[in-house]
Amino acid sequence: MLIAAIDAACGPMVSAVEQVEVLRECGAAEDAIGVSQVHLIATLARMGVFCAHGYTKPEYAIADLLCWDRTPARRRVQVADQVCPRIGLEGQVLAPLFPATGAVMGEGLIAVPHAEAIVAVLNGPAARRLCPE
């Protein structure tokens with residue numbers, strides 16, 4: 001449906017205002033798909049689907065399945081690991097490490113690249129030097 005709207009917006013009889021609106025809708029759809037993708041990656045990793053298919057690391061699976069380079073695949077897996085609920089050793093559901101980031105990402109207030117930046121900074125060397133108090 002979105003592809004048809006994009007194709008229709010490229011027509012000669014469509015105004016620039018309508019084309020810009022379709023472009024904005026594409027961006028919103030891309031952001032929503034990215035958030036859903038993060039949740040799906042977290043679920044697949046938690047369930048062991050990637051391991052069951054022979055991948056030693058989830059980022060290898062994402063890179064292979066989505067034809068991505070390993071660096072963006074690693075960033076996407078790190079976001080999924082940090083902002084989505086986790087499973088403990090005994091099977092209990094654990095809260096995400098960055099629940100606020102996951103919440104605002106889920107509400108659509110930030111996109112996945114913003115969450116990737118937050119996770120990178122909070123897991124970086126400067127954040128490790130901070131006192132937890």
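Q: What should I know about the model before I start?

A: It is a predicted model, in which local features need pLDDT of at least 70, side-chain atom pairs count only at pLDDT 80 or more, and totals for chains, interfaces and linings use all residues. Residues are numbered from 1 along each chain as its sequence is written, while side-chain values use heavy atoms, with hydrogens and water left out.

Q: How many helices and strands does the chain have, and in what order do the elements run?

A: Helices (H or I, at least four residues) and strands (E, at least two) are DSSP runs, numbered from the N terminus. Here there are eight helices and two strands, and from the N terminus the order is α-α-α-α-α-β-β-α-α-α. The radius of gyration is 18 Å, well over the 14 Å that the globule rule gives for 133 residues, so the chain is more spread out than a compact globule. That radius is taken over C-alpha atoms, and the rule is 2.2 Å times the number of residues to the power 0.38. Along the principal axes, the C-alpha atoms fill a box of roughly 60 × 40 × 25 Å.

Q: What share of the residues count as buried?

A: A residue is buried under 20% relative accessible area, exposed over 50%, and partly exposed in between (1.4 Å probe, protein chains only). By that rule, 27% of the 133 residues are buried. The accessible surface of the chain is about 9,000 Å², with 63% of it belonging to carbon and sulfur atoms; such areas come from the Shrake-Rupley method with a 1.4 Å probe, and for residues only the protein chains shown count as cover.

Q: What share of the contacts joins residues 24 or more positions apart?

A: Contact means heavy atoms within 4.5 Å. Among contacts with a separation of 6 or more, 40% are between residues 24 or more positions apart.

Q: Which residue makes a polar contact with the side chain of Arg76?

A: A polar contact is a pair of N or O atoms within 3.5 Å; within protein, one must be able to donate a hydrogen and the other to accept it, and residues adjacent in sequence count only if both atoms are side-chain atoms. The partner of Arg76 is Glu116, side chain to side chain, at 3.2 Å. Arg76 belongs to helix H5 (residues 70-83), and Glu116 to helix H7 (residues 112-122). Arg76 is buried, with a relative accessible area of 12%, and Glu116 also counts as buried, at 12%.

Q: Which residues does each of them touch?

A: Leaving out residues up to four places away in sequence, Arg76 touches Gly34, Gln37, Val38, Ile41, Trp68, Val112 and Glu116. With neighbours within four places set aside, Glu116 is in contact with Arg75, Arg76 and Val79.

Q: Is Gln82 buried or exposed, and what does Gln82 touch?

A: Gln82, which lies in helix H5, is buried, with a relative accessible area of 13%. Not counting residues up to four places away, Gln82 touches Pro96, Leu97, Phe98, Val119 and Asn123. Sequence and space can also be set side by side: Gln82 and Ala95 are 13 residues apart in sequence and 9.5 Å apart, C-alpha to C-alpha.

Q: Where is Cys67, and what is its phi?

A: Phi is one of the backbone angles. Cys67 sits in the loop between helix H4 (58-66) and H5, and its phi is near 55 degrees, a positive value in a residue other than glycine. Cys67 is exposed, with a relative accessible area of 70%.

Q: Where is Ala4, and is Ala4 buried or exposed?

A: Ala4 is in helix H1 (residues 2-9) and is exposed, at 51% relative accessible area. Ala4 and Ile33 are 29 residues apart in sequence and 17 Å apart in space, C-alpha to C-alpha.
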